[in-house]
Amino acid sequence: NPTEVQMSQLVLPCHTNHRGELSTGQLLKWIDTAACLSAERHAGCPCVTASMDDIYFEHTISVGQVVNIKAKVNRAFNSSMEVGIQVSYEDLCSGKHCSICKAYATFVAQGPSNSKVKLKPLTPQTEEEKTEHSIAAERRRMRLVHKDTLKDLLIRSPRETELETRDGSVAVPAEKTRVESVELVLPPHANHQGNTFGGQIMAWMENVATIAASRLCHAHPTLRAIEMFHFRGPSQVGDRLVLKAIVNNAFKNSMEVGVCTEAYGQEMSVSRRHINSAFMTFEVLDQEGRPCTLPMVAP
């Protein structure tokens, strides 16, 4: 497959958290970079991240291990294409290989002055590629209705009134978990067109979501799943990105954190642009690796 890109990264201490495990934000940056290279190989021009589908992380990765990422274009539509990504880790000492996650990203090709580019069709070769090619159209349909589905949930969802925790104590006010942070987009955060890397924005979002989750559990949470990232517009070098996160709800062994990213230029009087929103699921593990019971949240 001429669009296939393989990337191998050695996990160093600078890439890890306090437990010596690879930061999910760093992994998202590597995933986005590999997927973008694959998309640009097919398009023959610059591409930007439009969305990243749900991601479920099966294992954590430790310092000293190698992350192997394989990305290739599954199908090209008019000006967008779906890139499939497979992530695994390799232990150089034992020779063990293990799958970490699969992801699907949508990239849009950009011509001069951000004009749309009509992509050439992709011809699948192997049986696996033919399967992914055929399913890609249905995944695209699901992405297009994703926004409407979330709006429908907000309208139809019943309001819960039970605010007692499982042990009878008072629930934690959601406001105590709120986080707001500002990042200045600098040249190292942007691509060759001056647009902020999608992977960098996702990494910043993961960071504030982790802080919000920590404020509820007073521990170091582990990210288990990310619901679809959908980029609603670009941001450029010089923009200020405002990242906001809050715990939406806590279940017995997991919690959902909502994250929102907005952008503005040097003048704060200019209205902020909504860049991205996502929902992340965290859990807290004890020393034996078992999920801990979490306090409830009072909205």
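Tutor: Some ground rules before we start. The model is predicted, so local features need pLDDT of at least 70 and side-chain atom pairs count only at pLDDT 80 or more, while totals for chains, interfaces and linings use all residues. Residues are numbered from 1 along each chain as its sequence is written, and side-chain values use heavy atoms, with hydrogens and water left out.

Student: Okay, helix H1 to start: how far apart are its end C-alpha atoms?
Tutor: Helices here are DSSP runs of H or I with at least four residues, and strands are runs of E with at least two, numbered from the N terminus. The expected span is 1.5 Å times one less than the number of residues. H1 has 20 residues, 24-43, so it should span 28 Å, and the C-alpha atoms at its ends agree with that at 28 Å.

Student: Which residue caps the N-terminal end of H1?
Tutor: Look for a polar contact, meaning N or O atoms within 3.5 Å; within protein, one must be able to donate a hydrogen and the other to accept it, and residues adjacent in sequence count only if both atoms are side-chain atoms. The backbone nitrogen of Gly 25 has a side-chain oxygen 3.2 Å away, and that oxygen belongs to the cap, Ser 23.

Student: And how many residues of H1 are buried?
Tutor: Buried means under 20% relative accessible area, exposed over 50%, and partly exposed in between, using a 1.4 Å probe and protein chains only. H1 is mostly covered by that rule, and of its 20 residues the buried count is 16.

Student: Is Gly 20 buried or exposed?
Tutor: Gly 20 sits in the loop between strand S1 (5-10) and H1. Its relative accessibility is 18%, so Gly 20 counts as buried.

Student: Which strands stand at the edges of the sheet that contains S1?
Tutor: Two strands pair if DSSP finds at least two bridges between them. The open sheet runs S1-S4-S5-S6-S2-S10, with antiparallel pairing. Each edge strand has a single partner, so one side is left without a neighbour in the sheet; those strands are S1 and S10.

Student: What are the bridge partners of Met 52?
Tutor: Strand S2 (residues 47-52) is joined to strand S6 (residues 97-109) by five bridges, and S2 also pairs with strand S10 (residues 229-230) over two. On the S6 side, Met 52 stands opposite Ala 105. In S10, its partner is Phe 229.

Student: Last one: how far is Arg 139 from the ring centre of Tyr 104?
Tutor: A charge sits over a ring if NZ of Lys or CZ of Arg is within 6 Å of the ring centre and within 35 degrees of the ring normal. The charged end of Arg 140 is placed that way over Phe 77, 4.6 Å from the ring's centre. Arg 139 lies over the face of Tyr 104, and its distance from the ring centre is 3.8 Å.
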